[in-house]
Amino acid sequence: MNDAGRQVARVREALGAQAAGWWTLDAGLLTLRAFDPGPTFPDNCVEPFTEAARVVPVDRVELGVARAAAGTSARSVAVELPNDVGSGYWLRRFGATHSVAVPVRAADGRVVAVVSMSFTAPSPTDHEIERTVQTLTNGF
């Protein structure tokens, strides 16, 4: 596991998430740099998800990571989303109830990355998630 993978694993573990991923943002595209499926994440979802999420255009607003790239955290709740597209599709496939995607900013305030995690049980508040992500992603 590389450094990015270790940092994503720390975020996932600290927040009790089912899985966590880290995407860098450049020229309107989010590129998956690390993905950490926790022990409850379905094995048959790892490859399909990482392949589908390898590069995500920021205009794919049906995905929480794309919405977070605009600069604010995005909570996606499975029961509030369509079954067959975007975050709603993936959350149901994972058996997750919701996800939270958080923008990561450079020192100058630009969004340079997004960290997203899925949950199968109640999660910390969005504010707590944002604070934890910002603390643990220093140096991404």
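Which residues does valine 65 touch, not counting residues up to four places away in sequence?

Modeller: This is a predicted model, and what follows should be read with that in mind. Valine 65 touches Trp23, Leu30, Val56, Ala101, Val114 and Ser116, leaving aside residues up to four places away in sequence.

Valine 65 belongs to the largest nonpolar core, which has 21 residues. Together with Trp23, Leu30, Phe49, Phe94 and Val114, Val65 is one of the residues that touch the most other members of that core. At least two core residues come from each of strand E1 (19-26), strand E2 (29-37), helix H2 (43-52), helix H3 (64-68) and helix H4 (86-94). There is also a second, separate core of 18 residues, with Val11, Ala17, Trp22 and Ala113 among them.

Next, the sheet. Six strands form an open sheet in the order E3-E2-E1-E6-E5-E4, and the pairing is antiparallel. Strand E3 (55-57) and strand E4 (74-77) each have a single partner strand and stand at the edges, so one side of each has no neighbour in the sheet. From one strand to the next, the twist averages 25 degrees. E2 and E3 run antiparallel and are joined by three bridges; threonine 31 has valine 55 in E3 as its bridge partner.

Helix H1 (residues 3-15) lies across E1, E2 and strand E6 (111-119), at about 65 degrees to E2. H2 also packs on the sheet, where H2 touches E1, E2 and E3, and the direction of H2 makes about 165 degrees with that of E2.

E1, H2, H3, H4, strand E5 (98-105) and E6 are the elements that give two or more residues to the lining. H4 supplies the largest share, five residues.

Last, the loop between E3 and H3 contains arginine 60. Arginine 60 has 33% relative accessibility. Because buried means under 20% and exposed over 50%, arginine 60 counts as partly exposed. The C-alpha atoms of arginine 60 and leucine 29 are separated by 10.0 Å, and these two residues are 31 residues apart along the chain.

How values were computed: Residues are numbered from 1 along each chain as its sequence is written. This is a predicted model: local features need pLDDT of at least 70, side-chain atom pairs count only at pLDDT 80 or more; totals for chains, interfaces and linings use all residues. Side-chain values use heavy atoms; hydrogens and water are left out. A nonpolar core is a set of buried Ala, Val, Leu, Ile, Met, Phe, Trp, Tyr and Cys residues joined through side-chain atoms within 4.5 Å. Buried means under 20% relative accessible area, exposed over 50%, partly exposed in between (1.4 Å probe, protein chains only). Helices (H or I, at least four residues) and strands (E, at least two) are DSSP runs, numbered from the N terminus. Contact means heavy atoms within 4.5 Å. Two strands pair if DSSP finds at least two bridges between them. Axes are lines fitted to C-alpha atoms, for helices over the stretch in contact, and angles run from 0 to 180 degrees between N-to-C directions.
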